[in-house]
Amino acid sequence: MKLFIDTANLKEIEEASHWPFVSGVTTNPSLIAKEGLSQKEIIEHIAKLIDGPISAEVTAEDCEGMLTQAHELYAIKPSNIVIKLPMTVEGLKVANALYKENIPTNVTLCFSSSQALLAMESHATYLSPFLGRLDDNGWDSAKLIEEIVTLKRNFGYPTKIIAASIRSVRHVEVAALLGSDIATVPYKVLKKLISHPLTDSGLATFAVDAEKTAKLTK
Ligand code: E4P
């Protein structure tokens, strides 16, 4: 499973750009709003740091407005920009229109299998089911991933699933075990993915023992 970083923070993206396990970035209007720069400025910076898919979200609600924004964002770096679209009828019309133009899309805010089915039928390149927000509200995010993976398999849809709204290491593990193609993960959770207390204590013991051996060989 591929891992993307879910942030618009340039410091975090710069650091993650050196990690071999991070291959893309997702942003949204709320993440952009935290950074004090325009969306265009942020996406332009990210495009210099990451050579992988970069999701940039449109904010218009009508097809025409979404298409105008999509073309402006895509022009920033056509080799990498993915247009993030809302899970609405208008959003899916735009997904289908951009598919015909060979512009990749990411349909976001997916909370049900029926929504997923419609996005995949509309030729979305990526689909983002939101795990954390589902679990926060008492639904079962693992079941949703399992169902979307089954839909993909049943009908051979090429749409890639991005497990989003990730809150924990376990969310990432479950997404991978159930067959999600990608997980987009906040910086703090990405850092936690690699750590384990037994790794830390094991390394400390090895360091002490290596020091003993080093003394003998002097
Ligand atoms: C996905 O692309 C979104 O940016 C993101 O995962 C939103 O998650 P949240 O529930 O943490 O806001």
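In this predicted model, a polar backbone atom of Ser165 lies 2.7 Å from an oxygen atom of the ligand, a polar contact being a pair of N or O atoms within 3.5 Å. The protein covers 85% of the 350 Å² of accessible area that the ligand has on its own, with areas from the Shrake-Rupley method and a 1.4 Å probe.

**Ligand contacts and surroundings**
- A polar side-chain atom of Asp6 is 2.7 Å from a ligand oxygen atom, and one of Arg167 is 2.9 Å from a ligand oxygen atom.
- The residues around the ligand (a heavy atom within 4 Å) include Thr26, Asn28, Leu31, Lys84, Phe130 and Arg133.
- By class, this shell has three nonpolar, three polar and four charged residues.

**Aromatic pairs**
- The whole structure holds four aromatic pairs, defined by ring centres within 6.5 Å.
- Trp19 and Tyr187 form a stacked pair (planes under 30 degrees apart), at 5.9 Å centre to centre and 20° between the planes.
- Because Trp19 lies in the loop between helix 1 (10-16) and strand 2 (24-26) and Tyr187 in helix 10 (residues 187-194), the pair ties together parts that are 168 residues apart in sequence.

**Conventions**
- Residues are numbered from 1 along each chain as its sequence is written, and side-chain values use heavy atoms, without hydrogens or water.
- Local features need pLDDT of at least 70 and side-chain atom pairs count only at pLDDT 80 or more, whereas totals for chains, interfaces and linings use all residues.

Definitions and conventions
Polar contact = N/O pair within 3.5 Å; in protein donor to acceptor, adjacent residues only side chain to side chain. Nonpolar A, V, L, I, M, F, W, Y, C, P; charged D, E, K, R; others polar. Phe/Tyr/Trp six-rings, centres within 6.5 Å; stacked < 30°, edge-to-face > 60°. Helix = DSSP H or I, 4+ residues; strand = E, 2+ residues; numbered from the N terminus.
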